[in-house]
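Here is a briefing on one protein chain. Please read it alongside the sequence and the 3D view.

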Amino acid sequence: SKNYFVWEPDTVEFIDNFKPASIFYDIGANLGGFSLYAGKAGHKVYSFEPSSFNFCVLTHNVYLNGADDEVYVSPVALSNKTNANHFYMQHLQAGGAENMINEPQWWGGSFSYKFKQAILCFSLDDFIDLFQLPFPNYLKIDVDGVEEQVLAGASRTLEDKRLCSVLIELPAQSDTTDRVV
């Protein structure tokens, strides 16, 4: 039901305007609400969620909704480079956000974290090439402060004409907004 998504109506509208049977990459999928919405609308979805707490619930949500043919979930972070790294978490409950890869910095300020999780990071270009995934027609990027890094690791993807549109969630009070847009 669309009522579930009242807090982000622009994202629902973004998905509602996809061409039929599109490939959608949900980068920073959290618990998978938008991944499931797109999957149930007939799109093939690749969800990226590095938080182990969120990933567990995301995978369970895909199972509960019988969406394992539509939604492929991956427990990795997308960034500007492919490497082993750390994910600094402020919130350990499922659905937590405002966590950070590389260092405990969030939109210019440092934060104290409760847990430092080892993760694998990939540039989007490397991930597509390495695992020979279908090329995305649409990207949603909701990564709480590392948008520039994700975009830097997706230069070939962003230049490709098969990519129709990108939705990036940014905070209203951020200098990142001027650099990304």
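Helices (H or I, at least four residues) and strands (E, at least two) are DSSP runs, numbered from the N terminus. This is a predicted model, in which local features need pLDDT of at least 70, side-chain atom pairs count only at pLDDT 80 or more, and totals for chains, interfaces and linings use all residues. Residues are numbered from 1 along each chain as its sequence is written, and side-chain values use heavy atoms, with hydrogens and water left out.

**Overall make-up**
- The protein chain holds seven helices and 11 strands.
- Of its 181 residues, 46% are buried. Buried means under 20% relative accessible area, exposed over 50%, and partly exposed in between (1.4 Å probe, protein chains only).
- Among contacts (heavy atoms within 4.5 Å) with a separation of 6 or more, 67% link residues 24 or more positions apart.

**Strand β10 and its partners**
- Strand β10 spans residues 138–141 and is covered on both faces. Y138 and K140 are buried on one side, L139 and I141 on the other.
- Strand β1 (residues 23–27) runs parallel to β10, joined by four bridges. Two strands pair if DSSP finds at least two bridges between them.
- Y25 lies opposite L139 of β10.
- Strand β11 (residues 165–168) also pairs with β10, in the parallel sense and over four bridges. Here S165 of β11 is the bridge partner of Y138.

**N54 in helix α3**
- Helix α3 covers residues 52–64 and includes N54.
- N54 counts as buried because its relative accessibility is 1%.
- Its side chain makes a polar contact with the side chain of E49, at 3.5 Å. A polar contact is a pair of N or O atoms within 3.5 Å; within protein, one must be able to donate a hydrogen and the other to accept it, and residues adjacent in sequence count only if both atoms are side-chain atoms.
- Beyond neighbours within four places in sequence, N54 touches N30, L31, E49, Q93, A94, G95 and G96.

**Helix α4**
- In helix α4 (residues 124–131), L124, D125, F127 and I128 are buried.
- Seen down the axis of α4, these buried residues fall within an arc of 165°, so they line one face. The arc is that of the directions from the helix axis to the C-beta atoms.
- Q132 follows α4 and has a positive phi, near 45°.
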